[in-house]
Every structure is written in C-alpha cells, then in structure tokens.
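The model is predicted. Please consult the sequence and structure shown here before reading on.

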Amino acid sequence: MSKFGIIEDTLFIPLLGRIYASERYPHILYDKSALSLKLQLPLTEQPHQSQYALLASACRAANMDRFVRNFLTRKPDGAIVQLGCGLETAYFRCDNGRTLWYALDLPHVIDFRKELLGEPEREHLIAGDAFSETWIHRIRTELPHTPLLVTAGGLFHYFEETQILRLFRMLAAYGNIDLVFDAVSSTGLLMMQKKYMKQVSHSNVQMFFAVDTAQELAIKTGYRLQVLTEEPFYCHIPRTGLKLSTRLNMKLSDRFSMVKMIHLQF
C-alpha cells in the first residue's frame, strides 16, 4: 500500500465506512461490493474512531446514490461521471442496466481499482486528473449531447477554491451537465481538520475548500449556474439505532449547515 500518497490513501476511509454501515446499519446503506472487499484489504476500525466518523462516508454514499437515482429517473438516457472515484462502488448499487458510467482517478488508483473491482461492461475507467480538460473532452467526443451527472464525493475539500472554480468554468463550457458534491462550511472545515481527520488517522491531510452558500459559489464562477439543491448533509439519513452522540452530532451539523450536499446545473 506504500505506493499511495497521503490524499490517495483516503480512499480506504469511505470503503471502511460503507462496510461498517452495511454490517451494522444497512437501513442507511447496504453495499454488497464493499463487503466483498473486506477480506482483500487491511481495513481495521481504530479504537479512537467514533461511530459518527465511521458513518460519515456511508452517509455521503447514501446521499450520492439518491442524487444518481433521481437523475436517472429524470434523464434515463443520461450518463454518470465519478470524479475521484477511488474504490467507490456506486455502479453496483445504482446502475439501471443501460447507463454508461465513467470513473476517473489518478493512474495508480485506477490500476488498483481495476485489480480489485475489474471494469464492468458499462463503467469505463479513466486514469487522469479531475482538473484537466482531457476527461471531459473525451466524454463529450463520445457522448456529444448526452446529459451528464458529474459526482465528486469527498473530493473538493482538499483543493484550493481557485482550482474548483476553474473546474466549474470548464464544465460550464461543455454544457448539459449536472454536478453533485458534498461541501463543508468555513466552520465545518475547521471542525473536520481539527477533529474528524484525526479520528480517521489523517491529521496531516490539509483541507482548503469551504462553501458557506452555494449561490455565492455559483456567482464566483462568472457563469449563470442554477443551484438545484443545497441541503443539510444528514437530512435524509435515518437515525434509528444510532448512538445518542452520533445523533446529536448529525443534528448539530445540520442545524448549523456545517456539511451539505450541493447540486448545480450547468
């Protein structure tokens, strides 16, 4: 595993969270593919990891699944593009039997993903940089008029706002694209840096990008982007059976909009 860098190594965190939820709280998320990887990887829960920290990634996956399914209901001929896919297994949870999927990540991550999960018939793996125009140019060459849903789960936090805005402007230039991502507020960013990343043993990972309001972010791009959704991160997450501390943390996060889901349309 030493071939992975600091940021790339965080791909094991969401996988562990999906396994944890699948084994204990399948009403939040059940991920058969993640469970199948449990014995293949050195994944262990750390004693200092709270239930809240473990479930955060599973909740993100559950949220993303909801947006993917809604998009495919509205636009059944659309395609799904996952930026920073890591070991995400949304294809196996959400595929409708006809959609084209594209999964993008850095070359060594894609190689590792292919080794573990293979390359399904309709999920195309792309090795590259999410902030490069290469991937969107390729997809638009193959699918010039197809509606696209681009997802970025747990990705943008680690990059500067200037990079994110440059990516948004690039997507706007290609058009007919929906973008769904999770974001933290300025307060949420401080909390994640000080508490959450330490709990998942990545206190040395720097986080930069925060969104206080989606509309302000859209305006910064200089394009007329439509904000379709800006909602608290846990508002659709069932909390039955969770520890009191976890429920309180979720309530606090939503009350002060520390973490949110954002859906933009280009």
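## A tyrosine pair

Tyr52 has a relative accessibility of 18% and therefore counts as buried, the cut-off being under 20%. Tyr234 is also assigned to the buried class, because its relative accessibility is 2%.

The structure holds twelve aromatic pairs. In one of these pairs, the ring centres of Tyr52 and Tyr234 lie 5.7 Å apart and the ring planes meet at 45°, so the pair is classed as tilted. Distant parts of the chain are linked by this pair, whose members are 182 residues apart. Tyr52 belongs to helix H4 (residues 51-74), whereas Tyr234 lies in the loop between strand S6 (226-232) and helix H11 (244-255).

## Further aromatic contacts

Tyr234 also pairs with Phe233 in an edge-to-face arrangement, with 4.8 Å from centre to centre and 85° between the planes. Phe233 is buried, with a relative accessible area of 3%.

Elsewhere, ring pairs join Phe156, Phe168, Phe181, Phe209 and Phe266 into a cluster.

## Packing of helices H7 and H8

Two packed helices are described by the angle between their axes and the distance between the axes. For helix H7 (residues 134-142) and helix H8 (residues 161-174), the angle is about 15° and the axes are 11 Å apart. H7 and H8 are therefore roughly parallel to each other, and H7 passes H8 in a right-handed crossing.

On the H7 side, the contact involves Trp135, Ile136, His137 and Arg140; on the H8 side, Leu167, Met170, Leu171 and Tyr174. Of these contact residues, six are nonpolar, one is polar and one is charged.

Conventions
Residues numbered from 1 in each chain as written. Predicted model: local features only at pLDDT ≥ 70, side-chain atom pairs only at ≥ 80, totals over all residues. Heavy atoms only, no water. Axes fitted to C-alpha atoms, helices over the stretch in contact; angles between N-to-C directions. Helix = DSSP H or I, 4+ residues; strand = E, 2+ residues; numbered from the N terminus. Parallel < 35°, antiparallel > 145°, perpendicular 65-115°, else oblique. Left-handed = near helix turned anticlockwise from the far one by under 90°. Contact = heavy atoms within 4.5 Å. Nonpolar A, V, L, I, M, F, W, Y, C, P; charged D, E, K, R; others polar. Phe/Tyr/Trp six-rings, centres within 6.5 Å; stacked < 30°, edge-to-face > 60°. Buried < 20%, exposed > 50% of the residue type's maximum accessible area, 1.4 Å probe, protein only.
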